[in-house]
Amino acid sequence: ENVGLYDWMLGYVQGVERAGANTVYAWINGENPWSDPAKAKELSRSLKNNYDADMFWGCAGQSGDGVFQAVIEFREENPDQTLWALGVDADQYAVFEANDKEDVAEVILTSCMKNPVGPVAGFIETLQAGGKIQGGKITCGIKDGACGIAENDWYRAQASAEAQQLVETAKNEIKNDQAEIVTAYGLSIEDLNAFLEAHTLNYQAANM
């Protein structure tokens with residue numbers, strides 16, 4: 001549990017609510033939560049069994065492999081349900097497909113991506129043009145091409161037209177400062193807990 005993960009969570013929760021759905025979450029915890037695919041798989045199965053979850057997003061490094069394996073099994077067990085996983089940090093569909101792991105790639109609808117290359121390229125262009133870069137912390141987002149989702153051919157073919165339009169609308173509203181986005185950065189523990197209590201199905205107090 002850390003502010004970075006809470007920021008991912010708050011963004012995801014707000015997106016889910018725009019789609020008229022609900023969110024449930026679990027922490028892997030343990031000594032090495034980033035490298036425990038077995039625990040991630042176990043928790044995914046718990047979310048499916050207890051909450052009938054149909055979309056699974058593992059923001060936990062290599063532990064995410066357990067989430068993907070769980071969704072592969074869920075599909076075999078529930079052929080009449082639409083069940084998906086989401087990737088994190090990079091286009092994980094493309095990564096698994098390039099490594100001949102189509103069975104994993106095909107359960108990943110899209111991935112939430114970090115893209116530091118965009119802002120860095122912008123800094124370089126500014127310097128090459130003789131400009132200056134402001135000091136201190138610089139916050140970048142969708143406006144700067146610093147984050148987004150993987151809108152590859154697989155996503156375009158598998159996501160519904162309605163879902164893709166929701167994404168486009170949200171992106172445009174953010175770029176045009178028409179959407180109020182709650183971030184975990186700078187949020188007090190009390191306000192964070194209050195937000196999660198109001199916006200998730202199985203609220204747990206934060207110990208950040």
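User: Which residues do ring pairs link into a cluster?
Analyst: Ring pairs link Y6, Y25 and W27 into a cluster. Rings of Phe, Tyr and Trp (its six-membered ring) pair if their centres lie within 6.5 Å; planes under 30 degrees apart count as stacked, over 60 as edge-to-face and the rest as tilted. This is a predicted model, in which local features need pLDDT of at least 70 and side-chain atom pairs count only at pLDDT 80 or more, while totals for chains, interfaces and linings use all residues. Residues are numbered from 1 along each chain as its sequence is written, and side-chain values use heavy atoms, with hydrogens and water left out.

User: How many aromatic pairs does a search of the whole structure find?
Analyst: The search finds 8 aromatic pairs. In one of them, the ring centres of F56 and F74 are 5.2 Å apart and the planes stand at 45°, so the pair is tilted. This pair links distant parts of the chain, with F56 in strand β1 and F74 in helix α3, 18 residues apart. Helices (H or I, at least four residues) and strands (E, at least two) are DSSP runs, numbered from the N terminus.

User: Are F56 and F74 buried or exposed?
Analyst: Both F56 and F74 are buried. Buried means under 20% relative accessible area, exposed over 50%, and partly exposed in between (1.4 Å probe, protein chains only).

User: And how are the rings of F68 and F96 placed?
Analyst: Their centres are 5.5 Å apart and their planes are at 85°, so the pair is edge-to-face. Since F68 lies in helix α3 and F96 in helix α4, the pair ties together parts that are 28 residues apart in sequence. F68 is buried, with a relative accessible area of 2%, and F96 counts as buried at 11%.

User: On to the largest nonpolar core. Which residues touch the most other members?
Analyst: F56 and I108 do, among the 31 residues of that core. The elements that each supply at least two residues of this core are α2, β1 (55-57), α3 (64-77), β2 (84-89), α4 (92-98), α5 (102-105), β3 (108-114) and α7 (153-158). Helix α3 gives the most, with 6 residues. A nonpolar core is a set of buried Ala, Val, Leu, Ile, Met, Phe, Trp, Tyr and Cys residues joined through side-chain atoms within 4.5 Å.

User: What does I108 touch?
Analyst: Not counting residues up to four places away in sequence, I108 touches F68, W84, A85, L86, G87, Q92, Y93, F96 and W154. Contact here means heavy atoms within 4.5 Å. There is also a second, separate core of 11 residues, which includes M9, V13, A184 and F195.

User: Switching to charges: how many salt bridges does the structure hold?
Analyst: It holds 11 salt bridges, each being a side-chain nitrogen of Lys or Arg within 4 Å of a carboxyl oxygen of Asp or Glu. E73 and K41 form one of them (2.6 Å, N to O). That pair links distant parts of the chain, E73 in helix α3 and K41 in helix α2, 32 residues apart.

User: Where do K171 and E151 lie?
Analyst: K171 and E151 form a salt bridge, with the closest N and O atoms 2.6 Å apart. K171 lies in helix α8 (residues 161-175) and E151 in the loop between β4 (147-149) and α7, so the pair ties together parts that are 20 residues apart in sequence. K171 is buried, with a relative accessible area of 18%, whereas E151 counts as partly exposed at 25%.

User: Which residues are joined into one network?
Analyst: Salt bridges that share partners join K41, R45, E73 and E77 into one network.
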